[in-house]
Amino acid sequence: MGKKVTVVGAGFYGSTTAQRLAEYDVFDTVVITDIVEGKPAGLALDLNQSRAVEGFETKVVGVTTGPNGEGYEAIEGSDVVVITAGLPRKPGMSRMDLLETNAKIVRQVAENVAKYAPNAVVIVVSNPLDEMTALAQLATQFPKNRVLGQAGMLDTARFTNFVAEALNVPVKSVRTLTLGSHGDTMVPVPSKSTVNGKPLREAMPAEQIEELVVKTRNGGAEVVALLKTGSAYYAPSAAAARMAKAVAEDSGDTMPVCAWVDGEYGISGVYLGVEAQIGAEGVKKVVETDLDADELAALKEAAEAVRAKQADVASM
């Protein structure tokens, strides 16, 4: 039987994710769902008509879902479900401002995923990311390795881009890493960042690295402020789609994601941005990397900050 992936939410983020997943041509079917009548079907029609141009065979199916779970039978048998549903940020809003509204939406989606796609790996991208990932796991009751969040891939991509631009070098020559939370307690990791294989700290002064760290932390807010309506979707969808591809191909690729941490780095019992090997069962293994003392302290601080908020979502 062929691979099937569902993208819940047909906004800019969801539709762009569905497009990327279809164009990879590694799935038989991409299902895109939304509560807006007709929108997912229209997008699916449009995407299917691009197959002859782009040369992919993946079939895209669009389904409108209702408040009582109507339409969710279309996701049955999905290997991967990407949850993008929820409100985006407006200028001046923090990710946390979305907590209550998006918690209701994500809980309802997660319960329907558990009902119709009980063997799926769930990739959460709704904000606030760390809290919504924890909530999706509680609502699905899936093993924790099968529920993960997309954040580190995006934040690392932003950090990499800013370093490449600052040094005027090709993006592919830069390697960076960000851990921690998707927000104020994000932990960019300069000690593991390189340019052409040489340490980032040799390529630019500490003050400039710190400037780029702050720019990375505020990367999403900067896009929101410029767009004025909605939030980023090109880079976020690229990150989510890569994670879904790694699951579909059981690649075992190591990626920075929001994963359940249970003992690694001396941290336990929390969803946190770490590096992990991704495959058919979701997180195969959390990969511990050597951090310097400041980075480790910042990661532990991030864990405590998100732990408190993740405890709050249990009752939402």
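Pro128 is placed in the loop between β5 (121–124) and α5 (129–140), where helices (H or I, at least four residues) and strands (E, at least two) are DSSP runs numbered from the N terminus. The peptide bond that leads from Asn127 to Pro128 is cis, with omega near -5°. This is a predicted model, in which local features need pLDDT of at least 70 and side-chain atom pairs count only at pLDDT 80 or more, while totals for chains, interfaces and linings use all residues. Residues are numbered from 1 along each chain as its sequence is written, and side-chain values use heavy atoms, with hydrogens and water left out.

**Backbone**

- Asn168 lies in the loop between α6 and β7.
- Asn168 has phi near 55°, which is a positive value in a residue other than glycine.

**Domains**

- The chain is divided into domain 1 (4–149) and domain 2 (152–312), with bounds that come from an automatic or database domain assignment.
- The C-alpha centres of domain 1 and domain 2 are 22 Å apart.
- Domain 1 brings 33 residues to the contact and domain 2 brings 39, contact meaning heavy atoms within 4.5 Å.
- About 3,100 Å² is buried between domain 1 and domain 2, and carbon and sulfur atoms give 69% of this area; buried area is the accessible area (1.4 Å probe) that two parts lose on being put together, summed over both.

**Largest pocket**

- The largest pocket has a volume of about 860 Å³, a volume being the space filled by probe spheres set on grid points that are joined across faces, edges and corners.
- On a 1 Å grid over the protein atoms alone, a pocket is an open set of points where a 1.4 Å probe fits, with protein on both sides within 12 Å along at least five of seven lines, and lining residues have an atom within 4 Å of a point.
- The lining of the largest pocket has 43 residues, and those nearest its centre are Thr84, Ala85, Gly86, Leu87 and Pro88.
- Domain 1 and domain 2 each supply at least three residues of the lining of the largest pocket.
- Helix α4 gives the most to this lining, with four residues.

**Second largest pocket**

- The second largest pocket holds about 550 Å³ of space.
- It is lined by 23 residues, of which Met153, Thr156, Ala157, Thr160 and Pro256 are the closest to its centre.
- Two or more residues of the lining of the second largest pocket come from each of α1, α6, β7 (174–175), α10 (234–248) and β12 (253–262).
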